[in-house]
Amino acid sequence: MLKGKVNSEVTDVLYGANLFALIKKDGGIRPIAVGSTYRRLAAKSCCKAVSDKLSAYFQPIQLGFGSRCGCEATVHALRSFISKKEGEVVLKVDVRNAFNSVDRGALLTQVREKTPELYNFVWQCYSTRSKLLFKNNLLFSSVGCQQGDPLGPALFSLAIHPVLEAMTSWKTACPNADLPIIRHSQHQWDEPLCRLVRDNLIETSTSTTERARLLAAASWESGSWLQALPSKNLGTLLSTNTLRFSLCLRLGVACVAPHQCQCGTSVSRFGLHGLSCSRSVGRLSRHASLNDILRRALVTAGAPAVLEPPGLARDDGKRPDGMTLVPWKMGRPLVWDATCVDTLAASHLPGTSNRAGAAANSAEHLKRRKYAAIDSSFMFEPFGVETLGPWGSGAHSIFKELAKRLVDATGDKKAGTYLAQRIGIAVQRGNAASLLGTLPQGTDLEPIFYL
Ligand SMILES: [Zn+2]
């Protein structure tokens, strides 16, 4: 029997049971299954063989099998918990039909992993549905441990132990998080753990640059380009060099051999100088791309727009980047000005190492001041983004409204997501162009890259 080699002709009888129906006090029926004595004897021997091993495995989470005086231990622990007033609530839960409802697949998996010496026997008992005989009626049971099986408590405890262990370690890892409302949502279980890792990384960062990079990378918009489907036709395919630089910047790893920028400044192996170099060549193309993306999105959303509208000069005589030709909000056309500033520039680090998007916000603030005198029949909004991805509040505000209208106009729920991806890609392309711009003309790129 222990080898699981009982002839299948007799397993129905040997591993099935006779049912009796007892009347409960409240009038209900209590079914009692009585299995064969041989099976019970074999199961008893199994219990004895694995009792110590399982007791060590279950404690201290479970005391239902293999623990001497488990009940007493539970009562004393509970009494001490209450008397020390360490908690506010004691919850006693009674699971209805617990043994009968445990999944046999989970049960067999755990037996194979934790007590392989019992597997053959338990497999023969539980791999097929058991036959229960009540008078002349045959009932089939394919879920849970069989009533009266001496191995029942061990099997039940084994089946639920991984869940209890996972819950306990999750609670230990994030003591302040509430249990997920939707228990089958992996996202809800993962989220507090990811947040802890992120907070820990930020707290233990060794420099303001590192801290600013981590804060920026944690903002949702900074990772949008990573979600874009790489497609040549959609314009979302990044070149190898752009992808290399973008990943290195996001991860904060070295990407190029140290060299001298065309402006004369030394460029370290992290290549950051390129992002804020006064001769940066990526800046112009990035600025043009951002405006083009905004204009196209506005057109798709039913708000035709033009770039550099004439007749709308700001205080210094320069034109804004774009304007809608129809009212945007409260009867006023939208006038925007896009800007991209470097998250890791020395002048921005005090702000960006404190809060993601601080550089974009201060750049937007400057823009607002420049447009303070704009005609009140227009609505001005700056669109500030940073090299490492975060946006300013103006950019968020334009995006929110634009994404909503894009979804309405196209019927595609992801239209806003695609817009964020296009903006992210434009920023990454600009970064890569800026970094490449620090290299001397005609340089063979391959020996320069670390990746
Ligand atoms: Zn330079």
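**Close-up views of the predicted model**

**View 1. The largest nonpolar core.** Among the 38 residues of the largest nonpolar core, Leu402 and Leu419 touch the most other members. Two or more residues each are given to this core by helix 13 (282–300), strand 8 (322–329), strand 9 (332–341), helix 15 (358–370), strand 10 (379–386), helix 16 (393–410) and helix 17 (415–436). Helix 17 supplies the largest share, eight residues. A nonpolar core is a set of buried Ala, Val, Leu, Ile, Met, Phe, Trp, Tyr and Cys residues joined through C-beta atoms within 7 Å. Buried denotes 20 or more other C-beta atoms within 10 Å of a residue's own, exposed 12 or fewer, and partly exposed a count in between, with C-beta atoms placed from the backbone. Helices (H or I, at least four residues) and strands (E, at least two) are DSSP runs numbered from the N terminus. The model is predicted: local features need pLDDT of at least 70, side-chain atom pairs count only at pLDDT 80 or more, and totals for chains, interfaces and linings use all residues. Residues are numbered from 1 along each chain as its sequence is written.

**View 2. Surroundings of Leu419.** Beyond its neighbours within four places in sequence, Leu419 contacts (C-beta atoms, placed from the backbone, within 7 Å) Ala297, Phe399, Leu402, Ala403 and Leu406. A second, separate core has 23 residues, including Cys46, Phe65, Val111 and Leu155.

**View 3. Phe245 in helix 11.** Phe245 belongs to helix 11 (residues 240–251) and is buried because 27 other C-beta atoms lie within 10 Å. Residues up to four places away in sequence aside, Phe245 touches Cys255, Asn431, Ala432 and Leu435.

Methods:
Contact = placed C-beta atoms within 7 Å.
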